[in-house]
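This briefing walks through selected features of the chain displayed here, grouped by topic for reading alongside the structure.

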Amino acid sequence: MHNSETDGGSFLLYEQDGVLLTTKGISGDSSNLHLGKLRIVKEKTGIYMLWLSEENIGGPPFSGSAETDWTVINPNQGSVGYHNNGTGRPIRFEVEDLKCICLSPISDSNGQPRRHNSGAKADPARTCNVTFVQTDGTTYSNLIFPGGSTSGLLDALTQHLVLKRSCHDDSMILCEPKSPKTRRDPYERSLAELRLFPDRNPAAMHSASYARLGQLGQFGVGAWRFVNDLKRDPYTATMTAFSKISDYLLHEEEKANEDIAELLQKSLSLDEPTTAVQRVPIANCDADENTVLVGSSDSSVEGYEVIQPPVADLFPRPKVLRGQPLTEVEWQTYFDDEGMIQNSEEIRRKIFSGGIEPSIRSEVWKFLLGYYPWHTSQVERKELRDTKVEEYFRMKLQWRSMSADQESRFAAFKQRKDLIEKDVNRTDRTIPYYAGENNANVSTLRDVLMTYMMYDFDLGYVQGMSDLLAPLLYVLDDEVDAFWCFVAYMERVSLNFQLDQAGIKRQLSQLRVLLQAVDPHLASYLDTRDSGNLFFCFRWLLVLFKREFNYPQILRLWEVFWTDGPFHGDSASYSSSNFHLLLALSILDSQRNTILENRFGFTEILKHVNDLALYIDLEEALAKAEGIFIQIKDSPSVGMEVRSVLGLRETSDSSDDSPSSNRSPISEFSM
C-alpha cells in the first residue's frame, strides 16, 4: 500500500507485509522471529520508518502463507517454520537519520543459504536480510524480507534520501538526506538520565563556552569536578566512575550510549596523552585506493582529510578452518590406568580448534582452569577436592556467622554485600537455570561471590564479576567447584577490576598496537575521531565478551581462551597469545567498512559495537582471529612491540620465510 492516509492523520508512503524481525536472546533460544509490517509514514514532525509486529498493529495472527518461501528457516538452528513466541519491540526512527543499509542473503554461519520446507535452496535475490544503521551508530535488529526483494523499499527511500552503493562493500548502501538538517554533535547531548556527574548546572552545560572545552565538550565541568574528587578521595571517586561505567555497559543496554562515552574517555585517559595525528586538508575527494578519506569531526559537514599511514608489509592472511569439538570418547583416551592425563598440549590444541562437547565440559573445565592440575591421578584429585571443600565452607562460615551488629560497623563489607545482592538479582535471569523467583541457583551465585569476597578482601567484589561466575556455575552445577574455578579464572582477569583500571588500559593499548600493525588505515581514522584509544571496546575486555554472545557461544569462547592458544609451529617460540585481543581485532575488522564509510565518531562506534551483541558469528570471528595471529607471526617485518603483545619471539634472518599457510596449519589443527 502506498500514499494513503492512516489512522491519526499520518500519511502512509510505503508498506511491506510479512517482514520478520530477528531477535536473539542470551540463552541461545532459536525461537526468535517476529512477524510484522515495515512502513514509511509521513507525520507532522517528519518522515519515519516503522516496523510493527502483527500484535501491535492489531491485525490477524500469522497463519502461514501460500508461498513456500515464506516458511523461513530459523537463522540459529536451521529449523523450518515461523515461531510466534513473543512480540518483537517496534522500530521507529526518522528516515533522515538513516546512515546506511546493509543487505545480505539469509545464510547460516558457513555462508550457505538456508533451506525452506521443500528442501530447495532459498533464492538470495528473493529472501534478504536488511539491517538499518542510524547516523548516531544505532544498529537495529535484522529484518528479513521473505518471498520478495527489497527493491520496493529502496525505491521508496529514494524519494527522501540519496542512496549510493559503497565502493568497498557491495552489500552496503550509504544514505544521505536530500535536504540535510542540522544535527547536534553527539558529544553535546545531555547526561542527565544517568547523572554520571551529579549537581552540575544543566544551563551551563549548554552554553557555547562549555561546548568548546577540548575533548570534554559539554561535560567539561562535570569531568573537572571528577578530577578534583579524584584528588580529594581517590577511592570513592574512582570506584564511583568505574561502577557507573560497568553498571551502564552491563545492565543499561536500552539507554543511548552518548551518556557513557565521555566518562569512558575521561576516566580511562586521565594519565595518558592524546596521540597526535597528522591531518592534511584537501580540496577534493579524489584519492587512490590506498588513501583513507576521513570526515571532519562533525559528520554533517562536507569536506575530507587525507590520512596516509604507513602500510604494514604483512604476509597474506590465511583462511583458517575451525575444527570439531573434543568428544567424550576422545577425552577418555587421554587417561592412563591411574587416571592421569597424557599429552595435555594435544588436548588444548583440540579444544582451541573446536571446543568441547557439552557432556564433558564440566570435567574438562576443571583442568583447563587449573583447579585440577593436568598431571594428577584420580586419587590425588579426590584428595585435593576434599581439601578444597573443607576450605571453602570454612570461608563461607566467616561471613554467614557475622551478625547485623558487626555489619553495621563494617562499612566496606556491607557495601560490597549490598552490591552483590543487587547484581545477582539481575545477572542472566533470562537463562532457565537462573530464572524465576526464589531460585536456588541465584542464591548459590550470591554465596559464591560473598565467599570470594572473604577469600580476596583486597579486591572484594566489583561489578562484572557476577557475569564471569554465572556461566561457571551453570556448567559445573556445584557450589564448591564453581568457587575454585572462579578463583582460577579471577587469577587470569583480576587486573580488569583494578580501581585504577590499569589492566583495561594496558589491554586497550596492546589492542591499539595490534590494530596499527594489521590495519593502519582504520587506526589512523580512529585517531581523527578521538577514538584511537579504543575505549568503545571496554565492555568486550571487562567481562571477556560475555555480553556479545549467547550462552552456548560464550561457553565455547571461554574454553578456547583458557587453552592459551593458538598453537602454530614450535610452542617454545611464544609464551602467551593474548588471543582475546585478536578476537577484538577480528570483530573490528568485520566492522571496518561500516565505521569508515559512515564516518562514525566515538559515540557512534560505541553504539554500533554495543548493538552488535548477540549478532556476531563466533566461529567466523575465531577463524579470522587465528588467521591474524598466523599473519603476524609469519611476517618478518612485524616489530617486537607487536610480537611481544602476542608473546612471540623475534624472527631471525635464518628462519623460514614461508608463511605458516604453506605448512598447512589448517589441516594440522582442524582435527
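Predicted model: local features only at pLDDT ≥ 70, side-chain atom pairs only at ≥ 80, totals over all residues.

Strand β2 and strand β8 (residues 143-145) run antiparallel and are joined by two bridges, with L21 standing opposite L143 in β8.

**Strand β2 and its other partner**
- Strand β2, which spans residues 11-22, is mostly covered, since nine of its 12 residues count as buried.
- Strand β3 (residues 33-43) also runs antiparallel to β2, and nine bridges join these two strands.

- In soluble globular proteins, nonpolar side chains tend to be buried together.
- The largest nonpolar core here holds 129 residues, and those with the most contacts inside this core are W331, M465, F536, F545 and L557.
- Helix α15, covering residues 479-493, gives the most to this core, contributing 11 residues.
- Leaving aside residues up to four places away in sequence, M465 touches L449, Y452, L459, G460, F486, M490 and F497.

**The chain as a whole**
- The protein chain contains 24 helices and 13 strands, and 53% of its 671 residues count as buried.
- Among contacts between residues at least 6 apart in sequence, 70% join residues at least 24 apart.
- The protein chain exposes about 29,900 Å², of which carbon and sulfur atoms supply 48%.

Notes: Residues numbered from 1 in each chain as written. Heavy atoms only, no water. Core = buried A, V, L, I, M, F, W, Y, C linked by side-chain atoms within 4.5 Å. Buried < 20%, exposed > 50% of the residue type's maximum accessible area, 1.4 Å probe, protein only. Helix = DSSP H or I, 4+ residues; strand = E, 2+ residues; numbered from the N terminus. Contact = heavy atoms within 4.5 Å. Areas by Shrake-Rupley, 256 points an atom, 1.4 Å probe, with all protein chains shown as cover. Pairing = 2+ DSSP bridges.
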